Amino acid sequence: MTDTLSAAQARRIALAAQGFTRARPASASARHVHTVMGRLGVLQIDSVNVFARSHYMPLFSRLGAYDPALLDRVFLSRTTHYVEYLAHEATFVPIDDWPLWRFRMEHFRQRWADPDSWASRNARTLAWVQDELRARGPLRPADLREDAPRERGTWWDWDDVKLALEHLWRTGDVAISGRKGFERTYALAEHVVPASILAREVGRDDAIRELVRRAARSSGVATLSDLADYYRIRDRAAISAAVAALVDEGELLPVAVRGWERQGRPLPAWRHADAALPRKVDAAALLTPFDPVVWFRDRALRAFDLDYRIEIYVPAEKRRYGYYSLPVLVGDRIVARVDLKADRTSSTLQVQSAWWEPQARPADDAERIAEELALAASWQGLEHVSVSGWGTASAALHAALVTRPDASVRRHVHAREVSA
């Protein structure tokens with residue numbers, strides 16, 4: 001018999017699976033970081049730094065104002081626990097999971113085996129890059145620039161060297177050994193991943209079944225598309241086979257979620273056997289667009305009524321919500337989105353726009369969002385918060401912020417003619 005969940009119950013299960021029912025620690029430690037990663041499985045990396053780079057945000061959403069240097073120590077400066085790979089987009093993943101991704105590495109290798117592929121036509125470039133890494137150890141792309149050999153009296157095309165590094169990373173011959181600033185350092189995989197991990201063999205079917213299991217655990221309740229998207233596995237037949245096996249093993253339980261439909265028909269869904277259904281979720285958090293809660297647009301719309309599009313590449317005059325607006329969670333609802341910018345010169349967190357979502361309760365939610373904005377400013381070392389006049393939530397957030405004793409707020413009207 002298939003259990004039936006309400007949409008609100010499904011949201012609470014999903015948020016509990018992502019750690020939003022746990023109290024934020026008074027002081028976050030590496031242990032807390034590992035706990036969050038255990039729930040998420042992956043941490044997506046993004047270079048946009050208007051407010052804070054995306055990979056810093058999920059920890060802030062769940063742990064509060066932790067020291068960003070903690071993430072740098074755990075993820076960026078060494079690869080003891082985590083390494084980068086294409087587990088969703090570019091993400092941090094547990095280094096122990098390297099063998100799980102061998103099926104994806106092999107896919108890239110086979111895709112580029114064609115004699116007319118870039119890899120085949122640039123075999124000498126690939127071999128030279130590997131030889132340099134073998135002889136010299138971890139290198140940044142810039143470290144290879146001046147040493148690139150000459151071809152026909154001219155320098156190699158620098159793009160070829162960068163492409164070679166990225167190609168070798170995708171095929172698993174090379175791994176990211178760390179970052180300097182935001183620049184990757186590359187090394188041969190055997191110089192980064194312990195030999196005991198490299199020696200472990202995991203077949204494709206076993207790897208996909210394990211990744212689907214983890215996606216289900218991290219999602220709490222999910223459709224087939226949700227499970228496929230979590231680790232970007234395109235083989236729907238393999239996903240279906242993995243789900244069937246996990247149902248037989250009792251790890252996944254078929255459920256129906258009211259409101260989760262397509263063309264008037266219920267979408268098949270599954271709940272992880274260990275997923276908790278809390279009576280309520282009392283969280284408040286700013287979410288990066290690349291947080292697993294909202295990163296899959298279909299799921300965000302279905303579960304949270306959030307129709308989200310990143311507007312970075314939309315011309316300024318055509319943006320509806322702002323350059324890089326962040327969804328805002330209050331309780332089990334996505335209630336708003338805010339476009340934030342950290343202005344270091346004036347030490348101000350600029351709320352460049354603020355908009356209510358359909359599930360908002362403005363009278364109740366404004367104070368919770370104001371608290372998160374003040375915390376975000378403190379986390380980034382900013383002394384002030386300013387709110388523009390752009391957006392349906394701006395006036396309410398400004399009013400809530402000016403009453404806070406710990407937030408110095410200045411009211412700014414957005415330069416364009418818009419209604420507040």
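1. Helices are DSSP runs of H or I with at least four residues, strands are runs of E with at least two, and both are numbered from the N terminus.

2. A word on the source of these values: this is a predicted model, in which local features need pLDDT of at least 70 and side-chain atom pairs count only at pLDDT 80 or more, while totals for chains, interfaces and linings use all residues. Residues are numbered from 1 along each chain as its sequence is written, and side-chain values use heavy atoms, with hydrogens and water left out.

3. Returning to α11, its buried residues are Ala207, Ile208, Leu211, Val212, Arg213, Arg214, Ala215, Ala216, Ser218 and Ser219. Buried means under 20% relative accessible area, exposed means over 50%, and partly exposed lies in between, with a 1.4 Å probe and protein chains only. After the helix comes Gly220, which has a positive phi near 80°.

4. Helix α15 (residues 362-379) packs against helix α16 (residues 394-402) at an angle of about 65°, and their axes are 8 Å apart. Axes are lines fitted to C-alpha atoms, for helices over the stretch in contact, and the angles run from 0 to 180 degrees between N-to-C directions. The two helices, α15 and α16, are therefore roughly perpendicular to each other, a label given to angles of 65 to 115 degrees, whereas those under 35 count as roughly parallel, those over 145 as roughly antiparallel and the rest as oblique.

5. Which residues of α15 and α16 meet? From α15 they are Ala366, Glu367, Ile369, Ala370 and Leu373, and from α16 they are Ala396, Leu397, Ala400 and Leu401, where contact means heavy atoms within 4.5 Å. By class, this contact has eight nonpolar residues, no polar ones and one charged residue. Ala, Val, Leu, Ile, Met, Phe, Trp, Tyr, Cys and Pro count as nonpolar, Asp, Glu, Lys and Arg as charged, and the others, Gly among them, as polar.

6. Gln263, although it is not a glycine, has a positive phi of about 55°; Gln263 sits in the loop between β11 (261-262) and β12 (265-266) and is exposed, with a relative accessible area of 80%. Ser347, also a residue other than glycine, has a positive phi near 50°, and Ser347 lies in the loop between β16 (333-343) and β17 (348-356), where it counts as buried at 14% relative accessibility.

7. Asp226, in helix α12 (residues 224-230), counts as buried at 3% relative accessibility. Leaving aside residues up to four places away in sequence, Asp226 touches Trp260, Phe296, Arg299 and Arg302.
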